[in-house]
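Me: I'm new to this one. Can you walk me through the side-chain contacts?
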Amino acid sequence: MHASVRLLRRLSSSSSSRSVRRLPFHPSPLLPPHPLPLQDLRTRTRALPPHLSGRRFSTISCASTPSLRLGECGALGTPAIPEVEKSEGEEEVDSVAARHDTDAFAAVELALDSVVKVFTVSSGPNYFLPWQNKSQRESMGSGFVISGRRIVTNAHVVADHTFVLVRKHGSPTKYKAEVQAVGHECDLALLTVESEEFWEGMNSLDLGDIPFLQEAVAVVGYPQGGDNISVTKGVVSRVEPTQYAHGATQLMAIQIDAAINPGNSGGPAIMGDKVAGVAFQNLSGAENIGYIIPVPIINRFISGVEESGKYSGFCSLGISCQATENIQIRECFGMRPEMTGVLVSRINPLSDAYKVLKKDDILLEFDGVPIANDGTVPFRNRERITFDHLVSMKKPEETSVIKVLRDGKEHELTVTLRPLQPLVPVHQFDKLPSYYIFAGFVFIPLTQPYLHEFGEDWYNTSPRRLCERALRELPKKAGQQLVILSQVLMDDINVGYERLAELQVKKVNGVEVENLKHLCSIVEGCTEENLRFDLDDERVIVLKFQNAKLATSRILKRHRIPSAMSNDLFDEQGSNEADAEGRGLLGALHRLRRLLFG
């Protein structure tokens, strides 16, 4: 790893690290950042492989019983600035900062009755053994109350949760909380508490706006180093799209120089008497560089939950773009001197843009906003931001008008925006992995969390071909998965095939595999004597179907595996394949489930 690589850390219940890449344009779902696996009692982060990253981001978390170290949670001091003559504009900025500094005490008093400590017990799945979970762990973070008796915190604070408690400032009592909604891409979550006693004396905080550069903010939370509430102060240093370590997405974030430490995750950053953002990660290897989620992202998350009852996701155009800063490439594609834009290089087949855009189109404008040759658009006063921020602020199924240059002619096209999922999921929090076992062969859909099980240096230690496909391949149709043979549970029936693990399954009995459910239905519906699997590298597995079916039950018993398939496959087979109950192992399992559970 390059020496210049720096670490960004999440600010919540356990520590982690990962490399990420900042994309210059609208991020393609094909090349998502990827999480690195971490040691026990640490939450995971998503990142690109180290050699593709310029710096490393991760969320910070705080273990349930942190060791105390001198100076670990010290407040940030204000850096000395030499006095120089200030212009009229600079004096105005100073007066704004002074005003917010004056209001800081009142803001903190308000936060004391709004900020809570979050205690989470979680248990993540074991992707090598997908039928069981890893051991549970305890972690802590922060949160704050908003209108409607809801608590805002970070998604990574409650990821893979099994039990959540909250405690308000000055109270010894912990109250049970329920997770109402989680948005892992934007690293936000909403909690609710039923206890009326908890809400006595609690105040809700109002959401403000994006602060300007050098405006003062106060970060309130429960970082490691103590049990009571902590307040640190700093100023806004930068506002731009940033890699979100937990969700592996690139959304707007605010960089501040306040001291943000493990356990601060989910706490509010107060500006004046309103919330300017939510603390969620910092940059390790640098002094006092922290990041907060800005209000537009928070509002977009909350409004989506209010409208649909669940997290709806952030929209994507589904394209990859290239800068046109070189004059020769602009001339080659017929751009006039006054034109600016970016070159469309790749389009996701599942996106609406696939129907209207073409490779080598020049994207000139998005909703009437001109796009510069470096992919940025104007933002506030003399600031610029990548145009994918405009896309991410759209609601699902909203339309946008884009202007493109194609074959020397300008066209205005209408595109419907919606969240898009990559072919290989970047994360799978709060859900159990899918699996199917037949004759000791364990079949799973390829996910990045599975690759992370190969260790912190997963990019180099995981199967090379699977890793490249996870990073680069696009889905060709909805519901598509890359199904792999993850391992072979040894038995007489599969002797000689044990070295064929970690390969993609291409076909079953000559039929191309679309996803794990499709593979399951083909196997269970086999009417031939032999069952044939075609894998990568032209490898072939042939089994006597009836013998293999009988072997499955003894292999499950030997390895103490409760079921030959995950629950989602049971549900799918029960709803879509009514005739499956009359044949094979699946039929026996369905009948047994009905006898036991009705």
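Predicted model: local features only at pLDDT ≥ 70, side-chain atom pairs only at ≥ 80, totals over all residues.

Me: How many aromatic pairs does the structure hold?
Reply: There are 15 aromatic pairs. One of them joins Tyr175 and Phe198 edge-to-face. Their centres are 5.3 Å apart, with 65° between the planes.

Me: Where in the chain do those two sit?
Reply: Tyr175 is in strand β9 (residues 175-176). Phe198 is in helix α4 (residues 196-199).

Me: Phe198: buried or exposed?
Reply: Phe198 is buried, with a relative accessible area of 0%. Tyr175 is buried too, at 7%.

Me: Back to Tyr311 and Phe314. Why is that pair called tilted?
Reply: The planes of Tyr311 and Phe314 are at 45°, so the pair is tilted. The ring centres are 6.5 Å apart.

Me: Which residues do ring pairs link into a cluster?
Reply: The cluster takes in Tyr436, Phe441, Phe443, Tyr497 and Phe533.

Me: Which ring has the charged end of Arg380 over it?
Reply: That is the ring of Phe212. The charged end of Arg380 is 4.6 Å from the ring centre. Arg464, in turn, lies over the face of Tyr459, at 4.6 Å from the ring centre.

Me: New topic. How many salt bridges are there?
Reply: The count comes to 28 salt bridges. One of them joins the side chains of Glu468 and Arg472, at 2.6 Å from N to O.

Me: Which helix holds Glu468 and Arg472?
Reply: Both lie in helix α11 (residues 464-472). They are 4 residues apart, about one turn of the helix. Glu468 is partly exposed, with a relative accessible area of 23%. Arg472 is partly exposed as well, at 33%.

Me: What does Arg469 form a salt bridge with?
Reply: Its partner is Asp536, with the closest N and O atoms 2.8 Å apart.

Me: Asp536: buried or exposed?
Reply: Asp536 counts as buried, at 3% relative accessibility. Arg469 also counts as buried, at 14%.

Me: Which residues are linked in a network of salt bridges?
Reply: Arg336, Glu338, Glu365, Lys403 and Glu410.

Me: Last one. Why is helix α12 described as largely enclosed?
Reply: In α12 (residues 516-524), 8 of the 9 residues are buried, so the rest of the structure largely encloses the helix. Among the buried ones are Leu516, His518 and Glu524.

Me: And what caps the N-terminal end of α12?
Reply: Asn515 does. A side-chain oxygen of Asn515 lies 3.2 Å from the backbone nitrogen of Lys517.

Note on methods
Residues numbered from 1 in each chain as written. Heavy atoms only, no water. Phe/Tyr/Trp six-rings, centres within 6.5 Å; stacked < 30°, edge-to-face > 60°. Buried < 20%, exposed > 50% of the residue type's maximum accessible area, 1.4 Å probe, protein only. Lys NZ or Arg CZ within 6 Å of the ring centre and 35° of its normal. Polar contact = N/O pair within 3.5 Å; in protein donor to acceptor, adjacent residues only side chain to side chain. Salt bridge = Lys/Arg side-chain N within 4 Å of Asp/Glu carboxyl O.
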